[in-house]
Amino acid sequence: MHLNPYGQDPLTLAVDLVNRPPERPEDLERRCSEHRLLLERAVTGDDLEAVRGFLRRWEGVVEASDLPSRAERLNLLLEEFAGPPRLTDHAGTGWHLHYRPDLLPAHRQIASLIAVGTALHLTGRGMERLGRCAARDCANVYADFSRNGRRRYCSPVCGNRDAVRRHRARAAEIEEEVG
């Protein structure tokens, strides 16, 4: 059995790269590896800049004001970076689907994996399962892989900090009413 290369890993990579942008090509390559993405070519400085541009466009998918707009923005990325599905055993590890040709420059491979991974995630789990952290002092993005689909924060730290802030605000309101 071959793992789906368009599963959760490309989407968690996109979130990681948006929240902590890579500084150097080696950093981008290392982080792709950490997210189990096997790049066919080495990452260059041009690839790094192209991935940064792609991620700015991908953030537009995250920030879409409604679901039809989200779909439209993601469709544009799919049109540009993905291709028709085809079977491949390029690495000799088993037959699997690719939504791109083999031997692309690293930035195009990364963009294809993220665009298709995002589309599969949103259509499989729900179109609303991508967003910005609800904590008012955080602008990080998140992908919701939770069972119930109610994630609102990029991390437990932000969720806890926001809960404490809300609790203290309610306590202060009660104090004002009583006092």
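This briefing describes the fold of one protein chain and then looks at some of its helices and residues. The model is predicted, and the mean pLDDT of the protein chain is 91. The chain holds six helices and four strands. Of its 179 residues, 39% are buried.

**Overall layout**

- Read from the N terminus, the order of elements in the protein chain is α-α-α-α-β-β-α-β-β-α.
- The C-alpha trace of the protein chain spans about 70 × 35 × 30 Å along its principal axes.
- Among contacts in the protein chain with a separation of 6 or more, 52% are between residues 24 or more positions apart.

**Confidence**

- In the protein chain, 96% of the residues reach a pLDDT of 70 or more.
- Confidence is highest in helix α3 (residues 45–63), with a mean of 98.
- Confidence is lowest in strand β2 (residues 96–98), where the mean is 82.

**Helices α1 and α2**

- The axes of α1 and α2 come within 10 Å of each other and cross at roughly 145°.
- The crossing of α1 past α2 is right-handed.
- Where these two helices meet, α1 contributes L13, D16 and L17, while α2 contributes L28, R31 and C32.

**H35, between α2 and α3**

- H35 sits in the loop that lies between α2 and α3.
- H35 has a relative accessibility of 15%, so it counts as buried, the cut-off being under 20%.
- Leaving aside residues up to four places away in sequence, H35 touches D9, T12, L13 and D16.
- With D16, the side chain of H35 also makes a polar contact of 3.4 Å.

**Helix α3**

- At the start of α3, a side-chain oxygen of T44 comes to within 3.3 Å of the backbone nitrogen of D46.
- The 19 residues of α3 should span 27 Å at 1.5 Å a residue, and the end C-alpha atoms are 27 Å apart, so the two values agree.
- The buried residues of α3 are D47, L48, V51, G53, F54, L55, W58, E59, G60, V61 and V62.
- Both helices and strands cover these buried residues: the helices include α1 (8–19), α2 (25–34), α4 (67–81) and α5, and the strands include β3 (130–132) and β4 (141–143).

**Helix α5**

- Helix α5 covers residues 106–125, which makes 20 residues.
- From its first C-alpha to its last, α5 reaches 28 Å, close to the 28 Å expected at 1.5 Å a residue.
- Of the 20 residues of α5, 14 are buried, so the helix is largely enclosed by the rest of the structure.
- α5 is also among the elements that cover the buried residues of α3.

**D162, in helix α6**

- D162 belongs to helix α6, which runs over residues 156–178.
- Is D162 buried or exposed? Its relative accessible area is 10%, so D162 is buried, since buried means under 20%.
- Not counting residues up to four places away in sequence, D162 touches A134, A135 and Y153.

Note on methods
Residues numbered from 1 in each chain as written. Predicted model: local features only at pLDDT ≥ 70, side-chain atom pairs only at ≥ 80, totals over all residues. Heavy atoms only, no water. Buried < 20%, exposed > 50% of the residue type's maximum accessible area, 1.4 Å probe, protein only. Contact = heavy atoms within 4.5 Å. pLDDT = per-residue confidence, 0-100. Expected span 1.5 Å × (residues − 1). Polar contact = N/O pair within 3.5 Å; in protein donor to acceptor, adjacent residues only side chain to side chain. Axes fitted to C-alpha atoms, helices over the stretch in contact; angles between N-to-C directions. Left-handed = near helix turned anticlockwise from the far one by under 90°.
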